[in-house]
Each structure stands twice: as structure tokens, then as C-alpha cells.
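Subject: Structure handover

Hello,

Here is the structure you asked about. Please open it beside this email and follow along.

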Amino acid sequence: MSALLEAPAPSLELRQTQALASTLAPARAARRIVSGAQRAPLPSPAHSASNAPSPSRSASEDDASTEASRAARVLITAAVEVLLGLRAPNQLDRWTEPDLMDALMRRAGLAQRRSGEARRRGPVVRSVHTQPTANGDCEATVLLECGDRVRAAAARLIPRREKWVLASLEVI
């Protein structure tokens with residue numbers, strides 16, 4: 001592991017492509033190529049425009065919004081998997097409030113009796129939107145594709161011991 005950390009970084013060398021510049025029309029300028037550099041990853045479609053950093057928001061607020069968005073995506077997907085009978089409800093015990101956990105346990109029992117042992121594909125997240133509230137909580141909406149149906153889920157996440165916990169959930 002330490003050998004990876006001690007390896008020198010590739011040099012960033014700028015060079016003009018003469019061959020390319022000569023074959024293009026004279027109106028186009030020669031392009032510069034950066035060798036040894038990697039492109040930045042494209043933004044995920046799950047991040048909405050409302051989560052994009054704005055000039056009035058600080059970096060810590062953007063980090064909190066990103067963490068809340070990621071937590072909403074994972075927790076709501078897991079809760080919907082419980083409601084569909086694809087996941088054991090006790091896996092969400094540490095990540096949900098007790099009242100919500102009781103409701104999920106009741107619904108999970110119904111889902112498993114209704115679906116039997118048939119295995120289905122889990123839900124696929126289409127979009128996530130988060131909005132911080134004045135008291136530090138976070139409201140989230142998630143669109144999920146469950147087989148041939150699309151479901152909308154609304155949730156409230158609350159910060160507990162440096163992690164987000166699912167406090168309420170509505171699935172349509």
C-alpha cells in the first residue's frame with residue numbers, strides 16, 4: 001500500500017498537436033493536450049440541480065447536502081426494499097427512528113406473506129432531491145423504478161451522532 005502512495009505522480013506536460021493544427025482549417029486554433037491527466041468524472045444524474053453549489057452556500061453546507069442526498073438515496077431505497085419484501089427489516093434498525101421501524105416491521109411481514117418466496121429485482125433510483133430545513137433536518141424526495149411501476153417517496157432525515165437517520169417515510 002505504501003508503494004502506491006510513494007509512486008511519483010505522472011507529469012502534466014502540455015504540448016501542441018502540430019499535425020492536427022495543420023490539417024484543420026486555419027480559422028481553428030491548435031488544441032492543447034494534457035498528457036498524464038485524467039478527466040473529472042461527470043456528475044451523476046441522481047444529483048439534482050437543487051443540489052448544485054450556489055454562490056451563497058458555503059463548502060460545509062454543500063458537503064452536508066451531498067451527504068444528506070447520499071443518505072436519502074440509500075436509506076429510502078433500503079426502506080422500499082423492506083416494503084417489497086426484498087430486504088430484512090432488522091437491517092434498518094440503526095438507521096430509522098423507533099416508530100418508523102415498528103411500522104416497517106408490520107409492513108414487511110405483510111409483504112413477505114403476500115409475495116411468498118418470489119425474488120424480484122430491487123428498486124432503481126431515478127432521482128433524488130433534498131432540501132435542508134431550518135432546524136437542521138433534511139426533507140428528501142426520491143423517484144424509484146420498481147419493475148414496471150415508478151414510485152415516489154418522501155422522507156424526513158434527522159442528524160443523529162454524525163449520521164442521517166430516517167424519521168418518517170411516505171411511499172406512493
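By class, how many nonpolar, polar and charged residues does the lining of the largest pocket have? Keep that in mind while you look around. One caution comes before the answer: this is a predicted model.

**The pocket**

The lining of the largest pocket has eight nonpolar residues, three charged ones and no polar ones. That makes eleven lining residues. Leu83, Leu104, Arg107, Leu169 and Val171 are the ones nearest the centre of the pocket. The volume is about 300 Å³.

Three elements each supply at least two lining residues: helix H3 (59–84), helix H4 (98–115) and strand S6 (163–171). H4 gives the most, with five residues.

**The whole protein**

Now step back. The protein has four helices and six strands. Read from the N terminus, the order of elements is α-β-α-β-α-α-β-β-β-β. There are 172 residues, and 30% of them are buried.

Take the contacts between residues at least 6 apart in sequence. Of these, 43% join residues at least 24 apart. The protein exposes about 12200 Å² of surface. Carbon and sulfur atoms supply 54% of that area.

**The strands, pair by pair**

Start with strand S3 (residues 124–132). S3 pairs with S4 in the antiparallel sense, over eight bridges. Find valine 125 and look across: its bridge partner in S4 is leucine 144. The hairpin of S3 and S4 has five residues between the strands. Glycine 136 in this hairpin takes a positive phi near 95 degrees.

Next, follow strand S4 (residues 138–146) into strand S5 (residues 149–160). These two run antiparallel and are joined by nine bridges. Glutamate 145 has valine 150 in S5 as its bridge partner. Two residues lie between the strands of this hairpin, and glycine 147 has a positive phi near 70 degrees.

Then comes S5 with S6. They pair in the antiparallel sense over eight bridges. Isoleucine 158 stands opposite valine 165 in S6. Two residues separate the strands of this hairpin too.

**Two residues to check**

Which residues in the loop between S5 and S6 deserve a look? Arginine 161 and glutamate 162 both lie there. Most residues other than glycine have a negative phi. Arginine 161 has a positive phi near 50 degrees, and it is not a glycine. Glutamate 162 is not a glycine either, and its phi is positive, near 65 degrees.

Are these residues buried or exposed? The cut-off for exposed is over 50% relative accessible area. Arginine 161 has 83%, so it counts as exposed. Glutamate 162 has 86%, so it is exposed as well.

**One last stop**

Go to aspartate 93, in the loop between H3 and H4. Aspartate 93 counts as partly exposed, because its relative accessibility is 47%. Now find leucine 104, eleven residues away from aspartate 93 in sequence. From C-alpha to C-alpha, the two are 9.9 Å apart in space.

Best wishes

Key. Residues numbered from 1 in each chain as written. Predicted model: local features only at pLDDT ≥ 70, side-chain atom pairs only at ≥ 80, totals over all residues. Heavy atoms only, no water. 1 Å grid on protein atoms, 1.4 Å probe; cavity = no way out; pocket = protein on both sides within 12 Å on 5 of 7 lines; lining within 4 Å. Points joined across faces, edges and corners; volume = space filled by probe spheres on them. Nonpolar A, V, L, I, M, F, W, Y, C, P; charged D, E, K, R; others polar. Pairing = 2+ DSSP bridges. Buried < 20%, exposed > 50% of the residue type's maximum accessible area, 1.4 Å probe, protein only. Contact = heavy atoms within 4.5 Å. Areas by Shrake-Rupley, 256 points an atom, 1.4 Å probe, with all protein chains shown as cover.
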